[in-house]
Protein chains: 2
Amino acid sequence: MHPLFYPKNIAVIGVSNNKVSGMKYVIALESFVRDGGAVWPINPKYPELFGYKIYPSLFDPIIPNIDLAIIAVPARFVPDVCRDCAKKGVKFAVIFSSGFSESGKLDLQKELEKAVSESKSKTRFIGPNCLGIDNPFSNVHFYPGMESKKGNVSYLAQSGGTTARLMLYLGSQGIGFQHVVSAGNSVDLSATDFINYYREDPKTKVIALYLESIPNGREFIEAIKKTTPIKPIIIWKGGQTDVGAKAAASHTGGLAGSYQIWKALAKQYGVILASYFEEFAELVCAFSVDQPLPKDRNVGILVAGGGIGVEYTDLCIQYGLNIPPLTDNTIKRLAVQFADVNTSFTNPVDLGEYGYIPNYFAKALEIVASDPGLSTILFVKEAERFKIFEDILLVKDIEGMTIKTIGEALKEIKKPVICSSSPNDQRIKFYEARLNFKNKMIQNNIPVIDYIPNACVVINKLVEYNNYLKKLEKLGKD
Amino acid sequence: MHPLFYPKNIAVIGVSNNKVSGMKYVIALESFVRDGGAVWPINPKYPELFGYKIYPSLFDPIIPNIDLAIIAVPARFVPDVCRDCAKKGVKFAVIFSSGFSESGKLDLQKELEKAVSESKSKTRFIGPNCLGIDNPFSNVHFYPGMESKKGNVSYLAQSGGTTARLMLYLGSQGIGFQHVVSAGNSVDLSATDFINYYREDPKTKVIALYLESIPNGREFIEAIKKTTPIKPIIIWKGGQTDVGAKAAASHTGGLAGSYQIWKALAKQYGVILASYFEEFAELVCAFSVDQPLPKDRNVGILVAGGGIGVEYTDLCIQYGLNIPPLTDNTIKRLAVQFADVNTSFTNPVDLGEYGYIPNYFAKALEIVASDPGLSTILFVKEAERFKIFEDILLVKDIEGMTIKTIGEALKEIKKPVICSSSPNDQRIKFYEARLNFKNKMIQNNIPVIDYIPNACVVINKLVEYNNYLKKLEKLGKD
């Protein structure tokens, strides 16, 4: 699939005189053009649009071999354009157009399927009803101005909106992507094909999928089964409930299948299931950073402030995690290091305001993480309060020093460490402090999860994936 | 309690030479001083600090009658200072100092209790281990620079951090407060006293409580029972689990009591329980706006984009809400108004991109809200995309027009309407667009709840409170 993600020449078939929507692919691909390839906008109606030369036909003699065509003509013309692509020898075509089974147009869907099946020995198709490909490494983008961050997540979604949403949400927090596909209704290439491709791609660490349906159950299961022992697959299934599945059917036109089956599948093959967007995003974040997996559900909590410690403890317990007591040795080591001033050396460990002194905190983190009864460390840093604590504690650059000292401590800690930022003030400057800290922490391989329920879900899913791998290992040995 | 919330003269006993922490009350009250009262900082060690004259004693002849004293001396001196307050005839005293039962100092706790019991015929006490009072109307603040927003929420919390947190979180989103108390360990005045006061206060619409323990169960229940028929009480209980309760005990020193009991209590007396901070905050927001209560769990969902519709439907169903089909009449009215271009006139209603055209949307909202089978309308507006849609749809000022047209539609709609903003891009400018929209919507009595699970919880709790009131009404009639 390399030419799909790294196309040399791209044809956009069906550009229109609406500068925003009708030319968006052409504009989005301008940066790509600067990288050496070329974009060929096609529409017989216009010789020129907004300063771009428009070509009358894919068969115009000047148009070279095409790696990727984007088909953006009205639905009724799509089947013929698919055949044209095959005739021209286009390698991959994205069918952007919608108006097939998802709109109840079953005849047109059948006609499309026929055209695709006649053409796919020459051209492979993505869509219809999709945005196609986004690849931060080759500058192929969904939208003009779409800023895709480079990283190790490969993603496929059956909903265009959801595809862009995860990229924007995670990208702006420091998590980047390797390959991204908005697959739409998948009349040809489907999630299964891309799972197989992502599995073999050495630069992909995590596979993220938003699926509303699976067209080819057996092959899909086969692909998953082969993949999860090598890299995690995180699936957010749209249409988990009967009513949701009905809504999904009118969205992408597929059959959703019972969520019970998905859950059973996930359990059997070690797939990580997310139930809605933010949970999905946080799971992708947590699996994409370079950290070990937790061996069990025992969590050590490290906070600066009693109320927060109670809150995190309550939520962890309610989500099935354990907050075991510290060993005597850990308590003794903490007591030697820290005076008993508004501090509490149980689990949750409350360091009081001293928790904001970076080297104090890093030392406490190291001591708590060395406790043999704990498998994950969850700590809270209210980045928005760094500036205030700089004045109170007379310490400089709390943000920078916190990141530096935690980074150093992490080298010794062979357990997953997760941060939560416990947002208070929503005004811009406080938000900005949190966002900057989050980006920097993620760069240092520490996921920052604001929402406590999601932090709990993430830890549980990390444990479950670890258990799955351990089970496979054991089966392999037996 | 008027002198407590609107004190004329305030004494701060135990100011220190740390400009940030030791003088914070004095600095925080500067704005109050400008309003006509006076603050009297007291410490025999310093004649002057940071340009403020410091008085040697509460009994200095120049010091007038004191409405509110803030006691910020080391714990061991607190009992004597309490007696001094009574001798001086101070009306209310906030014991800021900590180091009593919450630190395991049971002897000192007993000594404090004795001093308070001897003094409370003259002086009523708040705390220890608390921040005291914040009142946006009288400019009495916890911290220097604390910006408290004026509104109709009256709040009490047993954790100082949590007190400020809710004020900052909601205040920055447009929800304001009437009275706020950080009550700490409540050696004298407790949650019960303030519930009774808030109940009778005509400017309080919602009572919000963060509690880790209740010292006087029977009176507390009596206060709640009298209050919930008149105004909603929302309680976030810290220490819902055994481990959390243990952590709470070392935090505020109280006995948490089984959460099962709290749940039973909530059910019996119509109290709204929140399980963690953000849920608590969203509930306070939803109850503080001026909207009717929903009569049942039937929700109509209105979105612009298929994926979002599926997501909201899935979550609503999973949280026990119903997404019933629209009546034929509603479908017909929608079909007459809107062309079938990427739209779906089932429930969830998907208006496609047209959903961002303000008057189209307001019309759809009005039609959907008039469906007799729906009791709450939940709609999604991605405020961060308003600018993009202005270019695509060639519409001006989507934000302003959306707020205006929804406001007009609301006049006709006698059902609760809730907005969710479905955040994508986390970068500052997108966040800012969401935050501004949220503030303006809340000013227009429409709660905006970002996190879908919380939107579902909020709708459920609104229904439960409505059911409680209906049950009382029925009992009254029988």
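Entry 1, chain A as a whole. I compared the radius of gyration of chain A, 25 Å, with the value near 23 Å that a compact globule of 478 residues would have, and the two agree. The radius is taken over C-alpha atoms, and the globule rule is 2.2 Å times the number of residues to the power 0.38. This is a predicted model, in which local features need pLDDT of at least 70, side-chain atom pairs count only at pLDDT 80 or more, and totals for chains, interfaces and linings use all residues. Residues are numbered from 1 along each chain as its sequence is written, chains are lettered from A and ligands numbered from 1 in the order in which they are written, and side-chain values use heavy atoms, with hydrogens and water left out.

I noted that the C-alpha trace of chain A spans about 80 × 55 × 40 Å along its principal axes. I found 18 helices and 18 strands in chain A, taken as DSSP runs numbered from the N terminus (helices H or I, at least four residues; strands E, at least two). Of the 478 residues in chain A, 63% are buried, that is, under 20% relative accessible area with a 1.4 Å probe, protein chains only.

I took a cavity as a set of points on a 1 Å grid over the protein atoms alone where a 1.4 Å probe fits but cannot get out, with lining residues having an atom within 4 Å of a point. Grid points are joined across faces, edges and corners, and a volume is the space filled by probe spheres set on the points. I counted 4 cavities of 30 Å³ or more.

The largest cavity holds about 550 Å³. Of its 27 lining residues, those closest to the centre are A:Gln426, A:Tyr431, A:Asp450, B:Gln426 and B:Asp450. Helix 11 (277-288) and helix 17 (428-443), in chain A and in chain B, each give two or more residues to this lining.

The second largest cavity holds about 40 Å³. Its lining includes A:Tyr25, A:Leu68, A:Val94 and A:His141. Strand 5 (68-71) and strand 8 (132-134) of chain A give two or more residues each.

I located A:Phe277 in helix 11 of chain A. A:Phe277 counts as buried because its relative accessibility is 0%. Beyond four places in sequence, its contacts (heavy atoms within 4.5 Å) include A:Leu166, A:Trp236, B:Glu311 and B:Pro423.

Conventions: 1 Å grid on protein atoms, 1.4 Å probe; cavity = no way out; pocket = protein on both sides within 12 Å on 5 of 7 lines; lining within 4 Å. Buried < 20%, exposed > 50% of the residue type's maximum accessible area, 1.4 Å probe, protein only.
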